[in-house]
Amino acid sequence: MAYVVTEACIKCKYMDCVEVCPVDCFYEGETMVVINPNECIDCGVCEPECPAEAILPDTEGGLEKWMELNASYSAKWPNITVKGETPDDADSHKGEEGKFDKYFTATPGEGS
């Protein structure tokens, strides 16, 4: 079992989750972070830290697309272990619907 970052992270990218992860399993894209499911130890400390409520356990239904996306991009994007700068407009995107189609990019972030 692992945790999964979902659409709610896109354009919010608060990254509070990164700071608490004991195994550094987060990877940074331009508009969101993802979790490497093979590295996640299912400790759950990241889930309550996310202001956007974007992190869910992979046991919840309907997350197949997000499980695939996390697995795929965690292999391509740089690892991030230190919280970066939250986008200035993050709060305005919190709770927005349809963010994947509007804002997702495969472009890697900077990592840390």
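Biologist: Leaving aside its neighbours within four places in sequence, which residues is histidine 93 in contact with?

Modeller: This is a predicted model, in which local features need pLDDT of at least 70 and side-chain atom pairs count only at pLDDT 80 or more, while totals for chains, interfaces and linings use all residues. Residues are numbered from 1 along each chain as its sequence is written, and side-chain values use heavy atoms, with hydrogens and water left out. Histidine 93 belongs to helix H3, residues 90–93, where helices (H or I, at least four residues) and strands (E, at least two) are DSSP runs numbered from the N terminus. With contact taken as heavy atoms within 4.5 Å, and with neighbours within four places in sequence left aside, the partners of histidine 93 are Lys11, Cys12, Lys99 and Tyr103.

Biologist: Is histidine 93 buried or exposed?

Modeller: The terms rest on relative accessible area, with buried meaning under 20%, exposed over 50% and partly exposed in between (1.4 Å probe, protein chains only). Histidine 93 has a relative accessible area of 8%, so it counts as buried.

Biologist: Which residues does alanine 90 touch, not counting residues up to four places away in sequence?

Modeller: Alanine 90 is likewise found in helix H3, and its relative accessible area is 1%, so it is buried. Not counting residues up to four places away in sequence, alanine 90 touches Lys11, Cys12 and Tyr14.

Biologist: How many Å separate the C-alpha atoms of alanine 90 and aspartate 101?

Modeller: Aspartate 101 lies in helix H4, and with a relative accessible area of 73% it is exposed. Alanine 90 and aspartate 101 are eleven residues apart along the chain. The separation of their C-alpha atoms is 17 Å.

Biologist: Which pattern does the chain follow when read along the sequence?

Modeller: The chain has four helices and four strands. Its radius of gyration, taken over C-alpha atoms, is compared with a globule rule of 2.2 Å times the number of residues to the power 0.38. The radius of gyration is 12 Å, close to the 13 Å that this rule gives for 112 residues, so the chain is as compact as a globular protein of that length. Read along the sequence, the pattern is β-α-β-β-β-α-α-α.

Biologist: Among contacts between residues at least 6 apart in sequence, what percentage join residues at least 24 apart?

Modeller: Of the 112 residues of the chain, 41% count as buried, and the C-alpha trace spans about 30 × 30 × 25 Å along its principal axes. Among contacts between residues at least 6 apart in sequence, the share that joins residues at least 24 apart is 78%.

Biologist: Why do the buried residues of H2 line one face of the helix?

Modeller: In helix H2, residues 64–74, the buried residues are Trp66, Leu69, Asn70, Tyr73 and Ser74. An α-helix has 3.6 residues a turn, so residues three or four places apart point the same way. The arc is that of the directions from the helix axis to the C-beta atoms. Seen down the axis of H2, the buried residues line one face because they fall within an arc of 110 degrees.

Biologist: Which strands and which helix do the buried residues of H2 pack against?

Modeller: One of the buried residues of H2 is Trp66, and Trp66 is among the residues touched by threonine 6, in the count that leaves out residues up to four places away in sequence. Threonine 6 is found in the loop between E1 and helix H1 (16–20), and at 8% relative accessibility it counts as buried. The buried residues of H2 as a group pack against strand E1 (3–5), strand E2 (26–28), strand E3 (33–35) and helix H4 (99–103).

Biologist: What is the phi of methionine 15?

Modeller: Most residues other than glycine have a negative phi. Methionine 15 is found in the loop between E1 and H1, and it is buried, with a relative accessible area of 4%. Its phi is positive, although it is a residue other than glycine, and is near 65 degrees.
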